[in-house]
Structure formats: C-alpha cells, structure tokens
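Subject: Structure handover, with notes on pockets and aromatic contacts

Dear colleague,

I am passing on the structure below for your own work.

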Number of protein chains: 2
Amino acid sequence: MYKILKKDGSAKRAEFQTVHGVIQTPVFMNVATVAAIKGGVSTEDLEGIGTQVVLSNTYHLHLRPGDDVVYRMGGLHKFMSCNKPILTDSGGFQVFSLAKTRRIKEEGVYFHSHIDGHKLFMGPEESMRIQSHLGSTIAMAFDECPSAKAEHEYVQMSVDRTTRWLKRCKAEMDRLNGLEYTVNPHQMLFGINQGAIFDDIRIEHAKVISDLDLDGYAVGGLAVGETHEEMYHVLETVVPYLPENKPTYLMGVGTPANILEAVDRGVDFFDCVYPTRNARHGQLYTHKGKLNIKNARYAEDMSPIEEGCGCPACRSYSRAYIRHLIKAEEMLGLRLCVLHNLWFYNHLMEEIREAIDEDRFDALREEIIEAYSENDQADRDSSSHEV
Amino acid sequence: MYKILKKDGSAKRAEFQTVHGVIQTPVFMNVATVAAIKGGVSTEDLEGIGTQVVLSNTYHLHLRPGDDVVYRMGGLHKFMSCNKPILTDSGGFQVFSLAKTRRIKEEGVYFHSHIDGHKLFMGPEESMRIQSHLGSTIAMAFDECPSAKAEHEYVQMSVDRTTRWLKRCKAEMDRLNGLEYTVNPHQMLFGINQGAIFDDIRIEHAKVISDLDLDGYAVGGLAVGETHEEMYHVLETVVPYLPENKPTYLMGVGTPANILEAVDRGVDFFDCVYPTRNARHGQLYTHKGKLNIKNARYAEDMSPIEEGCGCPACRSYSRAYIRHLIKAEEMLGLRLCVLHNLWFYNHLMEEIREAIDEDRFDALREEIIEAYSENDQADRDSSSHEV
C-alpha cells in the first residue's frame, strides 16, 4: 500500500494506496472535526485548495450527530459528500483533553460528555466500532496521551496499557471489517507510539507496535507542552524504530517549520488546527512568514495576500477587501482566510514533495525555517491539536 | 434603458440596460450590506445561485471601511471583485432606523454612528457623494421614511422635504457624474415615493417625482409596520402614477407571496433580508412552503432540501447533513442555507419572468401564495429591511 518513490536524506517522498484514492506524501490532512472544515469550507471547495485527505473526529461525531446516524446515512463519505480519503482520530485525545471527570480503567475510560454532561464509556472496542460506523479510510488506535510532564513510572504504566489496547483495537477492527454490513470493509488501522519524552519507553513501544504489522504508525503525545527541540529529539529517536515500509504520522503538528523539520526526520502525515485557527485571528501564511491582515497597513492594499498564490482568496480578492471583511466581522472574511491558509499548507506539502523529488529538500527547509523564525513563538503558546 | 418585453395583466416582464450589464426583471437583489452577502457567500458564488443584482449600503460603507477608501480602491465593483450591477441604498433608512439621537433639519440629518457614537451629518449631497465614491450602478435618493403610524400632518411635511431633497440629489449627481475622476460617470438615480398609508400624499408625491425624469422609481416606507393589505393597497394606488417606461422598485419586500402580489401590481425590483436571515434560523424555502431544518424529522433524511433544486446545497448535500451542521453551529451549515435560500428567491423571479412570458402568471401567483399561506405570519413579525 505504501511505496517510497524517492528519498532525500531522511525525507521520504511516497505514495499510499487507499480504497478512496492514492495519497501523495508528505501530506497535510485538513481538519474537519465534526464533518466540516471550520470557516464555511465545503467538500466542493476542497479541489480548489489542493486537499488530499480530510481528518474527522470519532469523539465529536459519536456525540453529534451520533455514529449510528452516520452509519445509517451510509458512512461519513456519503454523509458529508466527500470522495477523498478520510482519517478519523480515535477519540482518545478528546476523551483526555475535553471530557470531564474521566476515570481510566483497564477496559477503557469512563467520562462525561462535554456537551451535556451525560455519562459515557469508551474503550478500544467502542472506538473501533464508532470508526467502523463512520467508515473512514484510516482509523486511529485508541490510546492514552500522557502529559509531557508525567513521571517515568506513570508513562510506562500508561504505555503498557496503550499496547494492550492496541492489540484489542486490531482484533476488533479485523472482526468489524469482516461483517456483512460494514461501511468500509477495507478500513485501515494506524497504531500510535507514546512515551512522552522518555527515549527508553518510546523505543521499546515502537518495537512492540511495529511487530503488529499495522497499516501505518503515528507518533502521538507530542506538541502537548514539550519544547520543539524535545519534539525533534523524540522523532530522531523513535522514527528509526518504526517500519520504513509503512507511513509515519506526526499527530497535531504544527507550524511550517515544525513540518519541515519532521519531514527531515522521516514523517509522512501531518494534521494541525493552526491554518484554520490562525485564519480566525486574521493571521495569514506566506512564504515570507505570517502577516496579520488586521494591520492598518493593509487597509488600502489592493494586492492579494501573497503574490502568485493560486488560492480562491488570492485569485479574486485583495488584502484591503479581506481586511475590511475581518474588521466588519463578515463571515466571508474568515472563509477567505481559511481557504488561503489551507491552500498554503497543502501547497507547502506539494513544494516539499517536489523538493524531495529534485534533491533540494534542505534548501527549501532552510528557506521556510528562516521565513518563520521570527513568529513561530506565537504558535508555540497555543495547542496545535484539534480538541 | 428600460424596455417592457411582455405584460400579463399588470405584471411586467422587462429588461433594464445598465453600464454593468442588462437586468432581466422582475428581479430580486441580493443583499450585501457591507460589501459581502451574509453567510460567507463570495462574489464567485453568485453565478451558481443566479444572482443578477447586488445591493450594498451607503451608511454602512461610509462608516466602514469608508467610502473614501473604496473610492481609492477603484470603487465597489473592484473592491469586492463583483462584475454585476450593484444598487446602493442611500443610507436614509439606516440613519432613521439604526443611528442614535438624530436631528432632522432642512439641510439633512445630524446623528451619531451606531458603531462608535461619533457625530455625523448626512444630507442629499453627502449621500450622493458617498454613492459616487462607491461607484454603484444605481444610486438611491436620500429620503426620510416616516413611521407607518405617523400622522397625516407630519407625513405631508416630511414628504415635501423629501421632494426638495430629491431635487438636490439629482443636481448633485449630475455634477458628480461630470467630474473627471468619477468612478462610474453613468451612475443612475432612482427616486423614492413616500407618504406612509395616505393615498392623497402618495399620489401627489408620485406625480411630482415622475416629472423629474429619473432612471427609476422606488416605493419606500412600506413593510415598516403596516398590514400586507395596506401595502398592497398603496401599490395599487401609487404604481399607476409612476412612469410606466421606468422600472419600479419596492424596497425591503418581502415574502414570496408579497413579491408575487407586488409583481401583479407592476413592480420590477425587490430586495429583502428574509432569505439570509431565515437561513440563520434554519428556515429554508421550498415550493411547498418553508421548512425548518432543525426539526428532528430531518435527522436521517438523505434527500436534498428540495427535490429538483439546482442550488449548491441541494446538488451535493442532504437535509441530514445540513441539519447536523446547523445543530453543531458549523459555519458551513449557515452558508449552505443562505446559498439555498438566495437560489430559491433568484429562481422564483426566473419562474415569474417565464410565467409572464407565457401568460400564466396568475396560476404561479396562486400556487406560491397557497404554499406560503400557513407560514407567512412568522415573517410578518420581523423587519424585512436591511438595517
């Protein structure tokens, strides 16, 4: 399913075959938590912004509209009218970051809905059943994401349980894929490496999960409070222990510079809320760094957000107009900003793929890191994960 | 400029030539108050929903971003990237409905900004200068819109002043259109008939303004608290006194039934906030009346909002999905509802034009009035005017 086409140092240029189409990697997945991208972006808009993969959320869709509803509507692809590969997060991260008063047991997690407070339970089997109902292209394993500040002892205990949960996930998914009325009998499963910032736990866990021969492997538990340097160190430490013939997914990361650094360490898949969340604050990505469209200097600037950009916002609208819309709190302003930022991220990945193809990945990496060196700090202070 | 192609009773099928293209009437203008349609609808979306004319607002654009900014950006068409005819309201209605602590004098109106409270003045010349800066296709005269409950004496005094203001508007527009750096030297001026529900004042005013040989005539001061029957009576009374060789515009109206009844009384142009505002509340138009997409019965309904509808929402998305988006307060839900409702209104006008062409306007009128007889009341209770 996964085929490396080219390498440039440790950076991999590959393609990943799925039942919903071939994914060119490295790839950025566009976050559509509750089956819609924030900012009024429809699945019809996705072609125009170069989206390859959509990411939706097990926890949120289980609560609303309910995975049983989505199942009866024919699965998530039909429900949201999307013909692209969809990856569903397992709900684990949301159970641990969003839900109230949770209790973790061997069987799974007891918690309360963040919407109406009612009691819920999710374990490996429940997460797999929900994701099977959704019929996503790729399902993520149900795991615990311990705090970056957790002690070695707790992290070891947690990761051991996550391993046992992963085995239950795999068994349950095999069972579900074999059922007669399964939405997507070819649903794939990615395991998740955990271990906080402890090299020994990360490496041992990577070895154990690699033996399970899953469809792909994620590095989780990063971008949750550790420094960028710690994150890069974990990637350098753990990626070599994950199977090279499977895709590697760095969850919830990150800034353009983070992505370049992670590709340089062998990562294929990314997702992050920055492009949509920054759009909400008028923060727009360009190859020269971010600009804040609310700035008075753009009030009479008839040039596009970025010269040469082919996104739907830059093709038709000026900085002056978009600034006016954002100041007037018109929804179109947010929509144009989201379209631009997602286009930027999707095409940054395209530039990365071309650079690897042409053995000039290092030059691109340095250029982008230089452009973003000044305003990376702002991103570091807010969570990059969908919650 | 205005050519009647066909009549069916008093209903007129015509076309109106403008410097930004030919308008087929009867027509519904799509409200883009601050140079954007509510709900994240871009000018790129307008082709897909059959928009012929966009309506923007003098008062709002004067305050933000400032008509001087729009002028320096090359006018409203260039600023908002719109190649269709744009009509600008004069700001009169907003000064009287939205601004605080206003004082009406012969020279114009002193008032305070609804945004930051700063002191402002607008008279006929100021309104014309702002609209000239915006460079709209059609400018509206600056008028006072007296309350539907105002006394005969006040209305007479107000209408006399509005007539004097109209003459000043015409003189100022002639001057502005002759200036070297005017954005649109072919800008047209529509006068506005007032007189509340007093036949004698309405008729006398219609006669006086008809003599001024303007590009078109609006009936203002309706849908401001009077009954539908009073509104229809005013139209029957006044339209015969307006020039038949000029377009007639009923401002801020209304429901599908209102529009059919007004076309039946000789009206060509309409605008109303109902399609966008009702979208916000999940109220969607169909040929069988309105439906509320929030209703539980649509939770698992995979059919489109209306079978056979060609709007961007109905072409790709189901009632179940749109209901989910609205319940989850996802912006895409609102956007799809607005696109549907504007498509409905724009295509209702197309159906009206075809029915007049084919001498079956009465049958269409009865069909739509019947479909909307039950839920018209809800609309009657909220203002139909952009404010």
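Helix α10 of chain A gives the most to the lining of the largest pocket, contributing three residues. Please keep in mind throughout that this is a predicted model.

The pocket in question has a volume of about 460 Å³, and of the 22 residues that line it, those closest to its centre are Thr33(A), Lys38(A), Arg280(A), Val387(A) and Glu330(B). The elements that give two or more residues to this lining are α10 (274–280) and α13 (331–357), both of chain A. Sorted by class, the lining of the largest pocket holds nine nonpolar, six polar and seven charged residues.

The second largest pocket has a volume of about 380 Å³. Its lining is made up of 19 residues, and Glu330(A), Thr33(B), Lys38(B), His60(B) and Val387(B) are the ones that lie nearest its centre. Here it is helix α10 of chain B, residues 274–280, that gives the most to the lining, with three residues, while the division by class comes to eight nonpolar, five polar and six charged residues.

Turning to the rings, the count comes to 32 aromatic pairs over all chains. One of them joins Tyr285(B) and Phe344(B), whose rings are stacked, with 5.6 Å from centre to centre and 20° between the planes. This pair links distant parts of the chain, since Tyr285(B) belongs to strand β15 (residues 283–286) and Phe344(B) to helix α13 (residues 331–357), both of chain B, and the two residues are 59 apart. Are these two partners buried or exposed? Tyr285(B) has a relative accessible area of 0% and is therefore buried, and Phe344(B), at 3% relative accessibility, counts as buried because the cut-off for that class is under 20%.

In chain A, one aromatic cluster is formed by Tyr2(A), Phe16(A), Phe190(A), Tyr249(A) and Phe269(A).

Finally, there are contacts between a charge and a ring to look at. The charged end of Arg103(A) sits over the ring of Tyr110(A), at 5.2 Å from the ring centre, and in chain B the charged end of Arg103(B) sits over the ring of Tyr110(B), with 5.2 Å to the centre of that ring.

With best regards

Note on methods. Residues numbered from 1 in each chain as written. Chains lettered and ligands numbered in written order. Predicted model: local features only at pLDDT ≥ 70, side-chain atom pairs only at ≥ 80, totals over all residues. Heavy atoms only, no water. 1 Å grid on protein atoms, 1.4 Å probe; cavity = no way out; pocket = protein on both sides within 12 Å on 5 of 7 lines; lining within 4 Å. Points joined across faces, edges and corners; volume = space filled by probe spheres on them. Helix = DSSP H or I, 4+ residues; strand = E, 2+ residues; numbered from the N terminus. Nonpolar A, V, L, I, M, F, W, Y, C, P; charged D, E, K, R; others polar. Phe/Tyr/Trp six-rings, centres within 6.5 Å; stacked < 30°, edge-to-face > 60°. Buried < 20%, exposed > 50% of the residue type's maximum accessible area, 1.4 Å probe, protein only. Lys NZ or Arg CZ within 6 Å of the ring centre and 35° of its normal.
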